[in-house]
Amino acid sequence: MRIFRGTDAPRQLVDPKSFVGTAHTQKLADAPDGTPVVVYHVEFEPGARTNWHVHSGAQWLLIVEGRIRIQKWGEAPQEVGAGDAVMIAPGEKHWHGAAPAARGVHLAVNVDATTEWLEPVSEEQYLSR
Ligand code: MN
């Protein structure tokens, strides 16, 4: 057993090249035996979101607080809240962030995944219905 305490993980501002708005991330946990699983804790302020991106492996988002807005390329944005979970398949172009008027916090569980960062999510895309 290994315990990862959130208070031990450095909380960092996200890279503005890959996000719009203000968000903080912590790498909370990984697997000491090399199992390719990494868990991130991500806090988005209202209106903040990732750029469009693609993961080479699956990603699970576990929403722990507030409202999270998420969109798959070619579909309308959707909102999820605390207690909900989302699975993003390898290769799906998508973004995730806070709702326009509420902050949102999720855990992201990346399984054998590297991330390819793409273009920012425009206001029109972000607010579309
Ligand atoms: Mn993602």
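This is a predicted model: local features need pLDDT of at least 70, side-chain atom pairs count only at pLDDT 80 or more; totals for chains, interfaces and linings use all residues.
Q: What makes His96 count as buried?
A: The relative accessibility of His96 is 4%, which is again set against the cut-off of under 20%, and therefore His96 counts as buried.

Q: How do you know which residues coordinate the manganese ion?
A: Donors are N, O and S atoms within 2.8 Å of the metal, and the manganese ion has His53 (NE2), His55 (NE2), Gln59 (OE1), His94 (NE2) and His96 (NE2) at 2.1 to 2.2 Å, so these residues are named as coordinating the ion. Along the chain, their spacing reads H-x1-H-x3-Q-x34-H-x1-H. Because His55 belongs to strand β6 (residues 53-55) and His96 to strand β10 (residues 94-98), the pair ties together parts that lie 41 residues apart in sequence.

Q: How do you know which strands pair with β11?
A: Two strands pair if at least two bridges are found between them. Strand β4 (residues 37-44) is joined to β11 by 8 bridges and runs antiparallel to it, with His41 standing opposite Leu107 in β11. Strand β7 (residues 59-72) has 7 bridges to β11, also in the antiparallel sense, and here Trp60 stands opposite Val109 in β11.

Terms used:
Residues are numbered from 1 along each chain as its sequence is written. Side-chain values use heavy atoms; hydrogens and water are left out. Donors are N, O and S atoms within 2.8 Å of the metal (3.2 Å for Na, K and Ca); water is not among the atoms, so sites may look incomplete. Helices (H or I, at least four residues) and strands (E, at least two) are DSSP runs, numbered from the N terminus. Buried means under 20% relative accessible area, exposed over 50%, partly exposed in between (1.4 Å probe, protein chains only).
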